[in-house]
Amino acid sequence: MEHALSARDLIELQVDWQRTYAALAVPRPVHTTALRRRLQALSGRLLFHPYWSGPGRMPAARVELRRQARALERMP
């Protein structure tokens, strides 16, 4: 069964979070302080997004968010 996550901005936030995390994960990251601050800011925006107060309370919704963000990231 396919779940639909309707909040496009939430998916884009997750993509930004994943890209920032990946930039920190390289062996010698550049601008680590800025990347860490960005990761914290994005984490806060993700955590307090209005979507989570409604249909997104289920843990499966967070998994679906990460799945859709990965799919969006792979698109050209």
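L65 is buried, with a relative accessible area of 3%; buried means under 20% relative accessible area, exposed means over 50%, and partly exposed is in between, using a 1.4 Å probe and protein chains only. You'll find L65 in helix α3, which covers residues 59-74. Helices here are DSSP runs of H or I with at least four residues, strands are runs of E with at least two, and both are numbered from the N terminus. L65 and Q14 sit 51 residues apart in sequence, yet their C-alpha atoms are 7.3 Å apart in space.

Before going on, a word about what you're looking at. This is a predicted model, where local features need pLDDT of at least 70 and side-chain atom pairs count only at pLDDT 80 or more, while totals for chains, interfaces and linings use all residues. Residues are numbered from 1 along each chain as its sequence is written, and side-chain values use heavy atoms, with hydrogens and water left out.

Now step back to the whole chain. The protein chain has three helices and zero strands, so reading along the sequence gives you α-α-α. Of its 76 residues, 30% are buried. Contact means heavy atoms within 4.5 Å, and among contacts between residues at least 6 apart in sequence, 70% join residues at least 24 apart.

Let's follow helix α1, residues 8-25. Its 18 residues reach 26 Å from the first C-alpha to the last, close to the 26 Å expected at 1.5 Å a residue; that expected span is 1.5 Å times one less than the number of residues. Which residues of α1 are buried? They are L10, I11, L13, Q14, V15, Q18 and T20. What covers them includes α2 (32-47) and α3. As a bit of background, an α-helix has 3.6 residues a turn, so residues three or four places apart point the same way.

How do the helices sit against each other? Two packed helices are described by the angle between their axes and the distance between the axes. The axes are lines fitted to C-alpha atoms, for helices over the stretch in contact, and the angles run from 0 to 180 degrees between N-to-C directions.

Take α1 and α2 to begin with. They pack at an angle of about 155°, and their axes are 9 Å apart. That makes α1 roughly antiparallel to α2; angles under 35 degrees count as roughly parallel, over 145 as roughly antiparallel, 65 to 115 as roughly perpendicular, and the rest as oblique. The crossing of these two helices is left-handed, meaning the near helix is turned anticlockwise from the far one by less than a right angle, with clockwise being right-handed. On the α1 side, the residues in this contact include L10, W17 and L24, and on the α2 side they include L35, L39 and L46. Altogether the residues of this contact divide into ten nonpolar, four polar and four charged. Here Ala, Val, Leu, Ile, Met, Phe, Trp, Tyr, Cys and Pro count as nonpolar, Asp, Glu, Lys and Arg as charged, and the others, Gly among them, as polar.

Helix α2 also holds A41, which is partly exposed with a relative accessible area of 45%. In the loop between α1 and α2 is H31, which is exposed at a relative accessible area of 61%. H31 has a positive phi of about 60° although it is not a glycine.

The other partner of α1 is α3. These two pack at an angle of about 75°, with their axes 9 Å apart, which makes α1 roughly perpendicular to α3. The residues of this contact divide into six nonpolar, three polar and six charged.

Q18, in helix α1, is buried with a relative accessible area of 14%. Leaving aside neighbours within four places in sequence, Q18 is in contact with R66, A69, R70 and E73. Over in helix α3, E73 counts as partly exposed at 29% relative accessibility. Not counting residues up to four places away in sequence, E73 touches V15, Q18 and R19. E73 and E12 are 61 residues apart in sequence and 9.2 Å apart in space, C-alpha to C-alpha.
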